[in-house]
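The following note sets out points for a colleague who wishes to examine this structure. Please read it with the sequence and the coordinates at hand.

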Amino acid sequence: MADTKTPTKRTSSAGTPGKVWTDEERAAMQESARERKVAGRRDPAAERAEGEADVRAKIAEMPEPDRSMAERLHTLVTDTAPSLVPRTYYGMPAYAKDGKVICFFQAASKFKVRYATFGFQPDARLDDGAMWPVAYALSALTPTEEARVRDLVKQAAS
């Protein structure tokens with residue numbers, strides 16, 4: 001007689017059967033799939049303008065204080081590295097070079113955490129020895145943090 005396998009129930013660490021991803025994570029993955037579909041249909045000549053519109057729309061959806069921080073970061077990134085193309089990345093404002101995301105802003109409200117994150121992807125040129133940070137927690141955006149973001153974006157986009 002052939003062995004038959006019965007499906008096993010997956011239990012998350014929270015003890016909820018079958019729920020591997022949070023609702024927020026699932027929504028981010030769905031947004032990423034939509035973004036890839038839209039990007040595949042985009043005219044390369046219109047990519048910057050459409051990406052800019054997408055980023056501004058995502059920022060406008062954010063609650064305060066995330067919205068103000070995202071608006072300021074958007075200005076900092078686009079002024080510091082005009083070669084980076086605005087786009088969305090898992091439903092978050094991001095900036096790409098040669099089609100690859102270099103940096104992104106994750107609002108605290110996105111995953112209901114206590115601080116926002118400004119992060120970098122592997123194509124960012126932040127290498128500093130054998131170990132370096134690739135994400136920064138932001139609870140406020142003062143002139144000191146703005147200067148640090150400018151330096152990091154300049155280095156990442158080089």
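A salt bridge is here a side-chain nitrogen of Lys or Arg within 4 Å of a carboxyl oxygen of Asp or Glu. The model is a predicted one, and the points below should be read accordingly.

1. Glu-146 counts as buried because its relative accessibility, 13%, is under 20%. Arg-150, at 31%, is classed as partly exposed. Arg-72 joins Glu-146 and Arg-150 in a network of salt bridges.

2. Other salt bridges. Over the whole structure, six salt bridges are found. One of them pairs Glu-61 with Lys-58, whose closest N and O atoms lie 3.6 Å apart. Both residues belong to helix α2 (residues 47-61), and since they are three residues apart, about one helical turn lies between them. Glu-61 is exposed, with a relative accessible area of 58%. A further salt bridge connects the side chains of Glu-64 and Arg-67 at 3.1 Å, N to O. Both partners are partly exposed: Glu-64 has 45% relative accessibility, and Arg-67 has a relative accessible area of 26%.

3. Overall architecture. The protein chain contains four helices and five strands. Read from the N terminus, the order of elements is α-α-α-β-β-β-β-β-α. Of the 158 residues, 35% are buried. Among contacts with a separation of 6 or more, 46% are between residues 24 or more positions apart.

4. Strands β4 and β5. Strand β4 (residues 116-120) runs antiparallel to β5, and four bridges join the two. Gly-119 has Ala-135 of β5 as its bridge partner. In a regular strand, side chains alternate between the two faces of the sheet. Strand β5 (residues 135-138) has Tyr-136 and Leu-138 on its covered face, while Ala-135 and Ala-137 are on the uncovered one.

5. Surface. The accessible surface of the protein chain is about 10,100 Å², and carbon and sulfur atoms contribute 53% of this. Val-20, Trp-21, Met-29 and Tyr-90 make a nonpolar surface patch of about 350 Å². Trp-21 is partly exposed, because its relative accessibility is 42%.

Notes
Residues are numbered from 1 along each chain as its sequence is written. This is a predicted model: local features need pLDDT of at least 70, side-chain atom pairs count only at pLDDT 80 or more; totals for chains, interfaces and linings use all residues. Side-chain values use heavy atoms; hydrogens and water are left out. Buried means under 20% relative accessible area, exposed over 50%, partly exposed in between (1.4 Å probe, protein chains only). Two strands pair if DSSP finds at least two bridges between them. Contact means heavy atoms within 4.5 Å. Accessible areas come from the Shrake-Rupley method with a 1.4 Å probe; for residues, only the protein chains shown count as cover. Patches are made of residues with over 30% relative accessible area and no salt bridge: like charges are joined within 9 Å, nonpolar side chains (Val, Leu, Ile, Met, Phe, Trp, Tyr) within 5 Å.
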